[in-house]
Amino acid sequence: MGKITICEDKLIFERKDELTIIEPYGPDCLRCRSTKNGKILDEDWTLLPPMEGGECITEGDEKVATIKNGMMSAKIEAGQIWYGGLITYYREDKDILRTKFEGEYTGRNAHVEGDHYQIKVIFEANKGEHIYGLGQEQEDQFDRKGSTVNLLHYNTKSAVPVIYSSLGYGFMWNNPAPGRCETTNNHTMWVADSAYQADYLVYAGKTPAEVMKKYCDLTGYAPKFPKWAAGFWQSRLRYESQDEVLRVAREYKKLNIPIDAIVIDYFHWTEQGEWQFDPEYWPDPKAMVDELNEMGIETVVSVWPTTNPKSKYYLEMSEANMLVRTENGQYGTFDFYGQQTFIDPTNPKTRSYVWNLLKEHYYDYGIRNFWLDEAEPEVHPQQFNNLKFYAGNGSQTAMLYPYYYSKWYMKV
């Protein structure tokens, strides 16, 4: 039936094939990690260190125990051999989440490979609850209750494994593996297709804004929005030369039409994976940027993380394992004007290498704004288990790609 160990700052539940730890993670927040392996990993992925504050209180015995941290508390019940380890979460002592028994105890994991499993965490459905979040979807489903969302990225879809509940709590699924979230009428279920452990956080606030603040405390805040970015952007598919960009900008000024930014989209470069203007069509990028600045127009440049063997940097990057590799087969992961593969921003060496090129070819000309396109990454077919990143196999880490992609641009 398992046994609960009560510590000053955590609860530990252990039985055959299950080890679970529940502990505070900043004010009004509890973090639960559970694994079929013999130990819990301290892998925080994109989590920031917990904010200071909160007061942890634990009590109970080896059969039933509780942990309280501000507005959030949880109770774990050892139960029976085949029906135990159930966890109930409370917001100001009101039941908001309860793990669900579905023929086996919650978290029963199917083996995938090595010490990785298909992870499932299942909760009882709350009648009348409304659920919001989970990222960008191309569908009319603002309230996620009664729906299922695949947790993966592709072109036009950006998954964010976080929800806000009308019951006044937030939930963050802290796992970069592709999977799914079912917020249906008979349960709420989070699935990671291949992971070492389940890892999630439940946090509360008195208002939706307070709950969102907790989420930002956990993952970070967006930078201050510049005034110009709220203005008019001019873009097209696509400006093919420096002369064309300047001709359009000058015409806007001549007609006295306000314009704040102009976007230089893809294929302005010499080759994918070289990150520089083609001098045949863009002979003096600095002069172009200077003139746009004088007109009060910000230059925005599209950057892609794709490359191919035609790039003069390809061989060096490939030999240094700075590209996304495949477990089987050749390099190509994206057929677009030739077979492309993606650089691997989860490798810090890659981020440094590419940023130096971006600085030389864009930043030093005065360009400060980048459109980070193809950040999914867009691979075809979507066989994540065939992708090899510095961070690990794609079936366990693919959702991290946009996070590390954006980190290129934090060098200055």
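Author: Start with the terms: helices (H or I, at least four residues) and strands (E, at least two) are DSSP runs, numbered from the N terminus. This is a predicted model, in which local features need pLDDT of at least 70, side-chain atom pairs count only at pLDDT 80 or more, and totals for chains, interfaces and linings use all residues. Residues are numbered from 1 along each chain as its sequence is written, and side-chain values use heavy atoms, with hydrogens and water left out.

Now find N186. It sits in the loop that runs between β16 (179-183) and β17. Its relative accessible area is 44%, so N186 is partly exposed (buried is under 20%, exposed over 50%, partly exposed in between, with a 1.4 Å probe and protein chains only). Set aside the neighbours within four places in sequence, and N186 is in contact with K100 and A125 (contact means heavy atoms within 4.5 Å). Look also at K127. N186 and K127 are 59 residues apart along the chain, yet 9.3 Å separates their C-alpha atoms.

Other loops hold backbone features. Most residues other than glycine have a negative phi, and most peptide bonds are trans. Two residues depart from the phi rule. D28 has a positive phi, near 55 degrees, and is not a glycine. D28 belongs to the loop between β3 (18-24) and β4 (29-35). With a relative accessible area of 15%, D28 is buried. Y337 also has a positive phi near 55 degrees and is not a glycine. Look for Y337 in the loop between β24 (334-335) and β25 (339-342). Y337 is exposed, at a relative accessible area of 64%.

Next come the cis bonds. One joins E376 and P377, with omega at about -5 degrees. Another joins H380 and P381, with omega also at about -5 degrees. P377 lies in the loop between β26 (369-372) and β27 (387-389). P381 is in the loop between β26 and β27 too.

Move to helix α3, residues 285-294. Which of its residues are buried? They are P285, M288, V289 and L292. These four span an arc of only 95 degrees around the axis, so they lie on the same side of α3 (the arc is that of the directions from the helix axis to the C-beta atoms). An α-helix has 3.6 residues a turn, so residues three or four places apart point the same way. What covers the buried residues of α3? The cover includes α2 (242-254), β20 (261-264) and β21 (298-303). Just after α3 comes G296, which takes a positive phi of about 80 degrees.

Last, the cysteines. C56 counts as partly exposed, at 26% relative accessibility. Then take C216. Its closest cysteine sulfur is in C29, at 13 Å, again too far for a bond.

Technical notes. A disulfide is a pair of cysteine sulfur atoms within 2.5 Å.
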